[in-house]
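Here are a few exercises to work through with the model open in your viewer. Try each task before you read its solution.

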Amino acid sequence: METILDSEGIKNFAARYPFLLVDRIIELAPLQRIVGIKQVSINESFFQGHFPGAPVMPGVLVIESWHNAAAHRLALREIADRDQKLCFSRASRKRASAAGRSGRTLVLEVTALRFGPRIQRMRGEAKVDGQLCADAELMSVIADRKNTPQ
């Protein structure tokens, strides 16, 4: 798997630690599809309390990893004045199993369903060893940075 973008590059478009939840991007078809990788490690801070004795990555963080991989990168990448924009996202129709157990490699795929200048709809899937373990419909809204509350 060739790395197209590493975590340092992802920081330019998405979240930073502790919410940088994608290690690298391995596929990118602009305005169509993006695939990222998350190596789930027992050293992740969320494992301390979720769940003691049976650590699992919270589903909400799997959703956040889709947004790291795609909503920001897939959406903001194509906008000329992206430094002046923010991307707000939500997820619906969520389904998840114990995808994010320590030692697993999450393959995070996001496919564009609708791509507009301000609103994007996408489908996120998380797979481990080729098996679907989480999916959701994602929606992102691009807003001017100067018009958002600080």
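**Exercise 1: A salt bridge and its surroundings**

Glu125 and Lys127 form a salt bridge in which the closest N and O atoms are 3.7 Å apart. This is a predicted model, so keep in mind that side-chain atom pairs count only at pLDDT 80 or more.

Task: Work out whether Glu125 is buried or exposed, and then find which residues are linked in a network of salt bridges with Glu125 and Lys127.

Solution. Start with the distance: a salt bridge needs the nitrogen within 4 Å of the carboxyl oxygen, and the pair Glu125 and Lys127 has its closest N and O atoms 3.7 Å apart. Next, take the accessibility. Glu125 has a relative accessible area of 18%, and buried means under 20%, so Glu125 is buried. Lys127, with 27%, is partly exposed. Finally, look for the other members: Arg95, Arg123 and Asp135 are linked with Glu125 and Lys127 in a network of salt bridges.

**Exercise 2: Across the sequence**

Task: Find which strands hold Asp135 and Arg95, and say why the pair ties together parts that are apart in sequence.

Solution. First, check the contact: the side chains of Asp135 and Arg95 meet in a salt bridge, at 2.7 Å from N to O. Then place the two residues. Asp135 lies in strand β7 (residues 131-144) and Arg95 in strand β4 (residues 85-96), so their pairing ties together parts that are 40 residues apart in sequence.

**Exercise 3: Lys38 and its two partners**

Task: Which residue does the side chain of Lys38 meet in a salt bridge, and which residue is the bridge partner of Lys38 in β5?

Solution. Begin with the side chain: Lys38 meets Glu44 in a salt bridge, 2.7 Å from N to O. Lys38 is buried at 4% relative accessible area, and Glu44 is buried at 17%. Then turn to the strand pairing, where Leu106 in β5 is the bridge partner of Lys38. The strands concerned, β3 (residues 33-39) and β5 (residues 105-115), pair in the antiparallel sense over 7 bridges.

How values were computed:
Residues are numbered from 1 along each chain as its sequence is written. This is a predicted model: local features need pLDDT of at least 70, side-chain atom pairs count only at pLDDT 80 or more; totals for chains, interfaces and linings use all residues. Side-chain values use heavy atoms; hydrogens and water are left out. Buried means under 20% relative accessible area, exposed over 50%, partly exposed in between (1.4 Å probe, protein chains only). Helices (H or I, at least four residues) and strands (E, at least two) are DSSP runs, numbered from the N terminus. Two strands pair if DSSP finds at least two bridges between them.
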